[in-house]
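Please keep the sequence and the 3D view at hand while reading.

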Amino acid sequence: MCNNNMPDDNRIETKIEGYKLLVSHQASLSDRRKVIGQAGCCRFCGETDAKLFQQRAHMIPESLGNKWLFSADECDRCNKLFGRYDQA
């Protein structure tokens, strides 16, 4: 498993204060495509197989209007899993 700075289970807090802003991006409808994160290590499951990073993963669901902000650090399996909830 890759080192993606994920906290140990016993350190995860349930309060909002436990969250840390990792990236901020101000966008407009005229912006070009922006890819955030480092390719090669899934931020959700830790996958590192390069063959499983072929799809474009939206940082914010496309159903909410996002057409330009993508994630490089989400594997195809997690993208498919979370995509099911976006379309629900």
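**Asp73 and its surroundings**

The side chains of Asp73 and Ser71 are joined by a polar contact of 2.7 Å. The model is a predicted one.

**The position of Asp73**

- Asp73 is found in the loop that lies between β3 and α1, the latter being residues 76-86.
- Is Asp73 buried or exposed? Asp73 counts as buried because its relative accessibility is 16%, and the limit for this class is under 20%.
- Leaving aside residues up to four places away in sequence, Asp73 touches Ile36, Gly37, Gln38, Cys41, Cys42, Arg43 and Phe53.

**The sheet**

- An open sheet is formed by 3 strands, in the order β1-β3-β2, and its pairing is mixed.
- The edge strands are β1, residues 34-36, and β2, residues 57-58; each of them pairs on one side only.
- Strand β3 covers residues 69-71 and pairs with β1 in the parallel sense, over 3 bridges.
- Which residue of β3 is the bridge partner of Val35? The partner is Phe70.

**Aromatic rings**

- Phe70, the bridge partner of Val35, also has Arg33 over the face of its ring, at 5.2 Å from the ring centre.
- The structure holds 1 aromatic pair.

Conventions: Residues are numbered from 1 along each chain as its sequence is written. This is a predicted model: local features need pLDDT of at least 70, side-chain atom pairs count only at pLDDT 80 or more; totals for chains, interfaces and linings use all residues. Side-chain values use heavy atoms; hydrogens and water are left out. Rings of Phe, Tyr and Trp (its six-membered ring) pair if their centres lie within 6.5 Å; planes under 30 degrees apart count as stacked, over 60 as edge-to-face and the rest as tilted. A charge sits over a ring if NZ of Lys or CZ of Arg is within 6 Å of the ring centre and within 35 degrees of the ring normal. Two strands pair if DSSP finds at least two bridges between them. Helices (H or I, at least four residues) and strands (E, at least two) are DSSP runs, numbered from the N terminus. Buried means under 20% relative accessible area, exposed over 50%, partly exposed in between (1.4 Å probe, protein chains only). A polar contact is a pair of N or O atoms within 3.5 Å; within protein, one must be able to donate a hydrogen and the other to accept it, and residues adjacent in sequence count only if both atoms are side-chain atoms. Contact means heavy atoms within 4.5 Å.
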